Amino acid sequence: MSSQFIYLSILAASLGTYFCRAFGVYSARNISTDSPVFHWIKCVSIGVISAVIARIILFPEGILGEATSFSRISCTIIALVIYFSFKKNVLLAVIVSAISFALVNHYI
Amino acid sequence: MQLILLNDVASPKIPPGKKIILAITPVIRNQNVPKWKQYLTSHFIAVTSWFNMFTVHQNIKQEDKFDYFVGLGGFLWTNSVVCTIAGYLFSNVVSHEILVGMVFINPMYFLIMTVSNLKEKMMICSVLLGASLSIILNSFIPGWSVLVAGILAGSIGYILFKKEIVHE
């Protein structure tokens, strides 16, 4: 793959995301935070995000794909348990689960 | 770094953030802000800034929300650029075990932030269905499972619990 192709790909991807973002702002001009459409968009947005998370944890690509399903699922459970056990501490839950994940993959 | 990590572990067809932009723009809208600033600020909209804004926006006056978001999103965006450069420069120094742990931070952060924002039944339903449908649809339409699962889950969650919406 030539470097010229990479730069062109980055440019094309940038234009794509910038256009989408601008169109998002334009489309939102008449949407009120109290309207049914706004609530539907909120639901779809969080639905998409949860779908992304499930996919990353269960069907990952790249480095995470090298780890076992057991390590990914068990450390996800650890993150949730820590979060609810320690007054919903986001930082603690994320750090403990990441350290657990590194340890599980190193020793098991 | 978050974007690079997310691209590394997730599907190549993760949908663009237009829905997130549609979800956050009405919240931070300010009639006194010129349109070009609104279009420029759309580049600061990402999952992290969206989650954080939704967590705190009810405690902020409407006229201050746009400025608050520019500060929040601008900091996160700048931070991501600096961390991407740092990640590129120091990637050889970090051992593989630590790298694996760092890659896992991204989905865990998204997961915990998602859970922390679940207050309404329609959102809880959308999240549970989104995750379940994504897993099921991955066998049939792997490239589009995330987008289709999200739209289906959000629509079902909204339809089932729209009567429980508390109007502000």
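At roughly what angle do the axes of helix α4 (residues 47–56) and helix α5 (residues 62–90) of chain B cross? This note takes that up first, then moves on to the rest. The model is predicted.

1. **The α4–α5 pair of chain B.** The two axes cross at roughly 150° and come within 9 Å. Angles over 145 degrees count as roughly antiparallel. Therefore α4(B) is roughly antiparallel to α5(B). The crossing of α4(B) past α5(B) is right-handed.

2. **Who makes that contact.** On the α4(B) side, the residues are Thr48(B), Ser49(B), Asn52(B) and Met53(B). On the α5(B) side, they are Phe69(B), Leu72(B), Gly73(B) and Leu76(B). By class, this contact has 4 nonpolar and 4 polar residues. No charged residue takes part in the contact of α4(B) with α5(B).

3. **Chain B as a whole.** Chain B has 8 helices and 0 strands. Read from the N terminus, its elements run α-α-α-α-α-α-α-α. Chain B has 168 residues, and 36% of them count as buried. Now take the contacts in chain B with a separation of 6 or more. Of these, 75% join residues 24 or more positions apart.

4. **One residue up close: Ser145(B).** Ser145(B) lies in helix α8 of chain B, which covers residues 145–161. Is Ser145(B) buried or exposed? The cut-off for buried is 20 or more other C-beta atoms within 10 Å. Ser145(B) has 23 C-beta neighbours inside 10 Å, so it counts as buried.

5. **The neighbours of Ser145(B).** Set aside the residues within four places of Ser145(B) in sequence. Ser145(B) is then in contact with Arg55(A), Ser134(B), Leu137(B) and Asn138(B). Note that Arg55(A) belongs to chain A. Ser134(B) is 11 residues from Ser145(B) in sequence. In space, C-alpha to C-alpha, Ser145(B) and Ser134(B) are 5.4 Å apart.

6. **Where the chains meet.** How many residues of chain A are in contact with chain B? The count is 58 residues of chain A, against 67 residues of chain B. Five elements of chain A give two or more residues to this side: α1 (3–27), α2 (36–58), α3 (63–66), α4 (69–85) and α5 (90–107). The largest share comes from α2(A), with 22 residues. By class, the side of chain A that touches chain B has 38 nonpolar, 14 polar and 6 charged residues.

7. **Domains of chain A.** The domain assignment gives chain A three entries: domain 1 (1–30), domain 2 (31–60) and domain 3 (63–108). How far apart do the C-alpha centres of domain 1 and domain 3 of chain A lie? They are 34 Å apart.

8. **Two backbone angles to check.** Most residues other than glycine have a negative phi. Lys87(A) has a positive phi, near 50°. Lys88(A) also has a positive phi, about 55°, although it is not a glycine. Where do these two sit? Lys87(A) lies in the loop between α4 and α5 of chain A. Lys88(A) lies in the loop between α4 and α5 of chain A as well.

9. **Exposure of the two lysines.** Lys87(A) has 7 other C-beta atoms within 10 Å, so it is exposed. Lys88(A) has 13 other C-beta atoms within 10 Å. The limit for exposed is 12 or fewer. Lys88(A) is therefore partly exposed.

Notes: Residues numbered from 1 in each chain as written. Chains lettered and ligands numbered in written order. Predicted model: local features only at pLDDT ≥ 70, side-chain atom pairs only at ≥ 80, totals over all residues. Helix = DSSP H or I, 4+ residues; strand = E, 2+ residues; numbered from the N terminus. Contact = placed C-beta atoms within 7 Å. Nonpolar A, V, L, I, M, F, W, Y, C, P; charged D, E, K, R; others polar. Axes fitted to C-alpha atoms, helices over the stretch in contact; angles between N-to-C directions. Parallel < 35°, antiparallel > 145°, perpendicular 65-115°, else oblique. Left-handed = near helix turned anticlockwise from the far one by under 90°. Domains from an automatic or database assignment.
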